[in-house]
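Reader: Please show me the model. I want to ask what stands behind each label.

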Amino acid sequence: PLPPSRFHPSPREPSSRARVMADHPPPLLMKRTPAHAPLALHEAGERGTLEWTLSATTADDAAVPVSFWHDVPLFPGSTSRQRHEVHMVCEVPKNTRAKNEIQTEVEGNPIKQDKKGGKPRYYFHPMPWNYGALPRTWEDPGKVDVHTGCGGDNDPLDVVEIGMRVGTVGEVSRVRVLGALCLIDSSETDWKLVVIRVDDPWAAHLFDIGDVERLLPGTLGDIREWFRSYKVPDGKPPCAIGLEERFKDADFAMDVVDETHRSWRSIRPPTPCKHQRVRLLRCESEASSVDWSDLQEQEQHPSARRHRRVGSYGASTSAASSMSSIDFDAALKHAGTAASFRGRMAPSPLGS
């Protein structure tokens with residue numbers, strides 16, 4: 001493993017940010033409420049087969065289809081960006097081998113098991129952590145990364161959640177970004193973000209990548225070596241790791257999140273039909289659930305525009321958020337494909 005000095009100014013003392021946050025923890029750390037979104041998950045087919053599919057709808061009577069990629073908000077709340085907090089969709093729970101992925105080419109973007117040689121794909125070794133993706137992000141293959149000289153891998157941003165809890169497929173969790181590792185896989189840039197669930201017992205002590213190296217020694221080295229060699233049993237060469245194989249800190253990782261979120265905005269589904277309305281139940285706690293007001297389309301009807309406030313990075317909050325429910329324009333019929341996606345994106349059943 002790399003010397004601790006690469007990640008942290010001192011192997012003994014916590015960073016100034018960690019000390020401040022430990023002395024004045026945000027309200028979220030004092031709560032032990034579920035960190036998942038109010039979604040209803042629907043399975044079709046038998047697990048371990050190519051026919052298996054996991055899709056999502058809202059958990060109310062309307063049962064509106066929800067895309068794991070396009071409809072789940074990236075930022076849980078208006079101050080989440082400053083706290084380095086985002087939403088994660090779990091695809092591969094800890095200690096499992098099935099290679100599940102959000103299907104960017106399938107309408108509605110359900111989760112399915114990847115295939116190889118016409119059969120369901122499995123990792124050779126179990127995934128030691130909860131593995132998934134960030135909604136509303138996209139690693140653009142047409143945009144050359146300045147750090148690697150390669151384009152993106154054409155998928156949402158990957159995340160590795162290092163907490164104690166075992167996740168479930170399709171679970172949406174609120175996580176804190178700690179750092180990033182730059183993988184170069186088949187000449188494509190494939191960032192791996194290191195995150196921790198905000199309700200995990202370790203979350204009160206982990207705020208940056210240096211804290212992981214200091215408090216959980218060996219974890220970063222294990223992540224590096226697992227992703228370097230996970231394709232070797234299939235007869236492929238080890239994956240290259242950029243940036244001198246160093247993990248970057250939380251601020252750097254959030255810049256990667258912002259960049260991939262901007263790329264997603266360039267290919268997001270078109271504005272939904274504004275003559276159909278869907279009523280979604282408001283989450284009980286902003287600290288523990290998705291703020292579904294962010295599902296409102298930025299370019300919505302002008303009469304509704306004056307009733308909301310647009311925050312950083314496209315997040316929006318409605319003046320009606322204090323009410324027991326939220327009304328917003330949503331499409332129950334599909335509006336066609338986004339031309340700029342090069343044929344890979346299915347139209348979302350909801351707005352942005």
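Reader: What gives the most to the lining of the largest pocket?
Author: S12 does, with 3 residues. This is a predicted model: local features need pLDDT of at least 70, side-chain atom pairs count only at pLDDT 80 or more, and totals for chains, interfaces and linings use all residues. Residues are numbered from 1 along each chain as its sequence is written, and side-chain values use heavy atoms, without hydrogens and water. Strands are DSSP runs of E, at least two residues, and helices runs of H or I, at least four, numbered from the N terminus.

Reader: What makes a residue part of a pocket lining?
Author: An atom within 4 Å of a pocket point. The points sit on a 1 Å grid over the protein atoms alone, in an open set with protein on both sides within 12 Å along at least five of seven lines; the probe is 1.4 Å. Here 35 residues line the largest pocket, and Lys99, Glu101, Asp114, Arg121 and Asp155 lie nearest its centre.

Reader: How do the lining residues divide into nonpolar, polar and charged?
Author: There are 10 nonpolar, 5 polar and 20 charged. Asp, Glu, Lys and Arg count as charged.

Reader: Why is Asn100 called buried?
Author: Its relative accessible area is 5%. Buried means under 20% (1.4 Å probe, protein chains only), so Asn100 is buried.

Reader: What does the side chain of Asn100 reach?
Author: The backbone oxygen of Glu91, at 3.1 Å. Asn100 itself is in strand S5 (residues 100–102).

Terms used: Buried means under 20% relative accessible area, exposed over 50%, partly exposed in between (1.4 Å probe, protein chains only). A polar contact is a pair of N or O atoms within 3.5 Å; within protein, one must be able to donate a hydrogen and the other to accept it, and residues adjacent in sequence count only if both atoms are side-chain atoms.
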